[in-house]
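Student: I would like to go through this structure with you, step by step. Could we begin once it is on the screen?

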Amino acid sequence: MGVNSGSGHGSLGRLPSYLFRPYRGKEDHGAMAAVRLGCAGRDGLDARSVVEGVPTAAEIAEASAKLADPSENQALVERNGDIVGYVTIRWWQERDGTWLYLHRGYLLPEHRGAGIGSDMVNWAESRIRRLVQQHRTARTAVFGANAMVSEEDSTELLLELGYRRVFSLVELELADLRRLPEHNGQLPVGIRVGAVDPTSYHAAWKTVVDSYANVAFTEKWTFESFLAAADPTCWRAAWDEDRMAGVALCSIRRHDPTVGEVEELSVREESRRLGLGRALLLDGLRSLREHGAETARLYTGTANPHRSYDLYESVGFRRQNEYVRYRKPIDV
């Protein structure tokens, strides 16, 4: 069976010794984690990354469980009974109506350079075309793919196959939470910073959503999705009288409680340039420290118009990695 026929599972067209097969659940998680670990050295992956690290079998199990129909949208590459690579497909709608169909593949370095990576992309694109027809999203659908700057093999392959860079994210780390600067600035009269209780969840969600109103390439984020992932222990918010003016959504990494993450830092447009961002960030980082975190991570767009990068560097964050987002039109 060729890579583009039927379900797309079967022998790879150019290399019949390699087999594409469906994801089978629990029995595959250890082998998939081994692939990711085996790619780490060649690709310069960061095990502590909050964008894309080196996941354990348990983390891969969690991610696979969140996929729509994982046996159809996740394929493994097998050679002589060993898993040497895999590819995963996800999709979502962005704020401007674009449907992004993202594929992400991983292949052990010793199996690269023989066309297997191209076949993996071909499988993903063929599967996505069928999904687009099923979903009736052809008018606004695009292919998406991700690669770190250090993933030179993936970057070269995507560019050869017609993908183009559209934006990138930079990940930053604050290496030692014991060395936080003090917040010496005075906040305007009437503004207070404090914890977020359940009665303020909707206001916190709305503050974040509104801050992305004019930002391209952002996913639609429903209140239901917000609640499903809510972990408010280290959340901090700023109120201007009785109105929420800004929020810092910070959390402890479940699989590594020594690492904290600043998931969102948002200040409403009319409340910017008043010192709220710095006050919220420092308060959130202190909360992470109090709950056991030793370091903190965050990521932000390289084209951020609000100069948040300067704020993060001013409190001690330093650049770690850059993650590039690629896209290509879908010819259905």
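Tutor: We shall discuss strands, a pocket, aromatic rings and a few backbone angles. This is a predicted model, in which local features need pLDDT of at least 70 and side-chain atom pairs count only at pLDDT 80 or more, while totals for chains, interfaces and linings use all residues. Residues are numbered from 1 along each chain as its sequence is written, and side-chain values use heavy atoms, with hydrogens and water left out.

Student: Let us start with β3. Which residues does strand β3 cover, and how many of them are buried?

Tutor: Strand β3 covers residues 74–79, and five of its six residues are buried, so the strand is largely enclosed by the rest of the structure. Helices (H or I, at least four residues) and strands (E, at least two) are DSSP runs, numbered from the N terminus. Buried means under 20% relative accessible area, exposed means over 50%, and partly exposed lies in between, with a 1.4 Å probe and protein chains only.

Student: In which sense do β2 and β3 pair?

Tutor: Strand β2 (residues 18–22) and β3 pair in the antiparallel sense over five bridges. Two strands pair if DSSP finds at least two bridges between them. Phe20 has Val77 in β3 as its bridge partner.

Student: And how many bridges join β3 to β4?

Tutor: Six bridges join these two strands, β3 and β4, which run antiparallel. Gln74 has Thr88 in β4 as its bridge partner. The two strands β3 and β4 form a hairpin with two residues between them, and Asn80 in the turn has a positive phi of about 55°.

Student: What does β4 do on the way to β5? How many bridges are there?

Tutor: Strand β4 (residues 82–93) is joined to β5 by nine bridges, and the two run antiparallel. Trp92 stands opposite Leu100 in β5. The hairpin of β4 and β5 has five residues between the strands, and Gly97 there takes a positive phi near 100°.

Student: How many residues of β5 are buried?

Tutor: Seven of the nine residues of β5 are buried, so β5 is largely enclosed by the rest of the structure. Strand β5 also pairs with β6, in the parallel sense, over five bridges. His103 has Ala145 in β6 as its bridge partner.

Student: New topic: what is the volume of the second largest pocket?

Tutor: The second largest pocket has a volume of about 460 Å³. Of the 25 residues that line this pocket, the closest to its centre are Gly117, Ser118, Asp153, Ser154 and Leu157. On a 1 Å grid over the protein atoms alone, a pocket is an open set of points where a 1.4 Å probe fits, with protein on both sides within 12 Å along at least five of seven lines; lining residues have an atom within 4 Å of a point. Grid points are joined across faces, edges and corners, and a volume is the space filled by probe spheres set on the points.

Student: Which element gives the most to that lining?

Tutor: Helix α5 gives the most to the lining of the second largest pocket, with six residues. β5 (99–107), α4 (116–135), β6 (141–148) and α5 (152–160) each supply at least two residues of this lining.

Student: How many of the lining residues are nonpolar, polar and charged?

Tutor: The lining of the second largest pocket has ten nonpolar, eight polar and seven charged residues. Here Ala, Val, Leu, Ile, Met, Phe, Trp, Tyr, Cys and Pro count as nonpolar, Asp, Glu, Lys and Arg as charged, and the others, Gly among them, as polar.

Student: Now the rings. How many aromatic pairs are there?

Tutor: The count comes to eleven aromatic pairs. The rings of Phe223 and Phe226 have their centres 5.9 Å apart and their planes at 20°, so this pair is stacked. Rings of Phe, Tyr and Trp (its six-membered ring) pair if their centres lie within 6.5 Å; planes under 30 degrees apart count as stacked, over 60 as edge-to-face and the rest as tilted.

Student: Where do Phe223 and Phe226 lie?

Tutor: Both Phe223 and Phe226 lie in helix α7 (residues 223–228), three residues apart, about one turn of the helix. Phe226 also forms a tilted aromatic pair with Trp235, at 5.3 Å centre to centre and 35° between the planes. Phe226 is buried, with a relative accessible area of 2%, and Trp235 counts as buried at 4% relative accessibility.

Student: Finally, is Arg136 buried or exposed?

Tutor: Arg136 counts as exposed, at 78% relative accessibility. Arg136 is placed in the loop between α4 and β6, and its phi is near 55°, a positive value in a residue other than glycine.
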